[in-house]
Amino acid sequence: MNRAAVYVLWLREMKRFIRAKSRIAGALAMPLFFLAFLGIGFKRISVPGMSGQVDYIQFLVPGILGMSLLFSSTFGGLSVLWDKEFGFLKEIMVAPVKRIFIVVGRITGGVTTGMIQSVLILGVSLLMGFRIPSVFTLLLAFLFMFLISVTFIGLGLIFASRMKDIQGFSIVMNFVIFPLFFLSGALYPLENFPFWLRYISYLDPLTYGVDGLRAALLGFSSYSSIFDLVMMLAFSSLMVFLGAYFFEKSETV
Amino acid sequence: MKDYAIKVHKLTRKFNGLTAVDSISFTVPNGELFGLLGPNGAGKTTTINMLSTLLSTTSGQAELAGFDVSKHRDEVRQNIGVVFQEPALDTKLTGKENLEFHAMMYGMGKKERKERVQEVLRLVDLTEKAGVLVENYSGGMKRRLEIARGLVHRPKVLFLDEPTLGLDIQTRRYIWDYVKRLNQENEVTIVLTTHYMEEADFLCERIAIMDYGKFVAMDSPDKLKNILGGDVVSLELEGDVQDVMSRMKELSWIHTVTLHGEVLSLTMESGERKIPQLINMAQQNGAQVSCVHLRKPSLDDVFLHYTGRSIRDQEATQIEKNRQSLRGRMGRRR
């Protein structure tokens, strides 16, 4: 019974995703613009701390993938608030389904849409001259993308459960999502940060996510891919646990 | 099978010290159409939310189809259907998809699901619109779809929270017919909340009048109205009012006599047949009748009798409030 519930929650996300053409375009536009303009604009620049053989566009692609996943996944978790606003959350909550399966359904839906967007971005970056070393590294990259997505859906769920309506949305956007993005080193190597800022960036899950993606796709990273993987596993488990906990505790009405 | 679909004992819910539902107790037998009538803010929706497991109880017990709402939430959920006050549809899905979503959440198998979805669509005459996105539905169609959805998993109890709020008179009539038919043909117990007197009067077999979180009266609409002692005939008199009044007080078929200035109010059964007699009697006692008014008692009078206030006064202020909050919301969404 609960397997059907997870499936149908996932199915609903897919249908909504496919039908919202403008939303897909909107979600893809920002990362692609970042990729295109930063990639072209900084093409000849050598950033201190970046290894000499790596083009800026090579360096940028994993960061933009991380950014796209950060935004789409956090919004995916926060989308509970839209369901609350439009009343549909009550229909979900009054069904005889254990709350944890509702969370799992939302995560599977959000991860799928996030991964689809990432694959599209990766496809465009291939056209822009990005090269993927091997199939194995691609699979490792997908694993990192999956973990980044799960982590931030969990984060979105935590905020969604603590907020009454979508009023606080822009606060989360400006004071949580953007700082996480800039602290992660998606656009520049963190080696250039002063040491106190680096310590803060150690708390940002996306730091390890983007670094892991670079390890997989470029073979060049600040930490080892194993360390990044362990950190991402820890962060994603923690966020899912907290997200499910707060979601369970929140009252729908 | 249990005799009672719902058993509630001293159910209470407090919000930060404010008591929304104050120790209410009642039972609803299987198959009954039971109404909760009261002004906005009386605690009707809070009661429904507790009975449908969406809100935890502060104290007291409630049993649905034999299951405790605090301890056996999933069993209760399986046995109830809820149509919420505010629409709870996914407007980006079609009508049919909304129903299928529901059926799968309630663990129905594929074959049963397909059949049942068609069945409930027919029940509310939406078969032809099943493939249309809900965002293109009218208010009445959305309501019908929600009622159909509440029935998909064959619940024992169906909750309808203000099912006709914001609908026009004609659509309201349609919904009433559906609800009545559902109750009769499907043997489902229905609990309905409303602040429309006519709705409660027309639909419900039994009504609980709710005010400030408490039940102030509970009975069938007819019995509640009979408490008031029948029709009210008001005579506006010119001349010797006192004489007429003492004469009328002698008559056994007049239940009560009260005088407000020049207006004599009398209560009696079938007032329309007694008016000619009353006019004659006034003239014989030296008074002229300048105006006659007959009023059949309504649930409004019953409400007034029990709470000392009219439900309509409160409704007016509430509508104004709703408008303001709606405006606020629209502004936000742009």
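**Close-up views of a predicted model**

**View 1. The second largest pocket and its lining.** Helix H3 of chain A (residues 56–85) contributes the most to the lining of the second largest pocket, namely 10 residues. Helices here are DSSP runs of H or I with at least four residues, numbered from the N terminus. This is a predicted model, in which local features need pLDDT of at least 70 and side-chain atom pairs count only at pLDDT 80 or more, while totals for chains, interfaces and linings use all residues. Residues are numbered from 1 along each chain as its sequence is written, chains are lettered from A in the order in which they are written, and side-chain values use heavy atoms, leaving out hydrogens and water.

The pocket has a volume of about 1,200 Å³, and among its 38 lining residues the closest to the centre are A:Arg16, A:Arg23, A:Phe75, A:Ser79 and A:Trp82. A pocket is an open set of points on a 1 Å grid over the protein atoms alone, where a 1.4 Å probe fits, with protein on both sides within 12 Å along at least five of seven lines; lining residues have an atom within 4 Å of a point. The volume is the space filled by probe spheres set on the points, which are joined across faces, edges and corners.

**View 2. The ring pair of A:Phe71 and A:Phe75.** Across all chains, the structure holds 25 aromatic pairs. In this one, the ring centres of A:Phe71 and A:Phe75 are 6.2 Å apart and the planes lie at 85 degrees, so the pair is edge-to-face. Rings of Phe, Tyr and Trp (its six-membered ring) pair if their centres lie within 6.5 Å, with planes under 30 degrees apart counted as stacked, over 60 as edge-to-face and the rest as tilted. The two residues are 4 apart in H3 of chain A, about one helical turn. A:Phe71 is buried at 6% relative accessibility, whereas A:Phe75 is partly exposed at 28%. Buried means under 20% relative accessible area, exposed over 50% and partly exposed in between (1.4 Å probe, protein chains only).

**View 3. A ring pair between two helices.** The rings of A:Tyr208 and A:Phe227 are also edge-to-face, with centres 5.9 Å apart and planes at 75 degrees. A:Tyr208 belongs to helix H9 and A:Phe227 to helix H10 of chain A, so the pair ties together parts 19 residues apart in sequence. A:Tyr208 is buried, at 4%, and A:Phe227 is partly exposed, at 38%.
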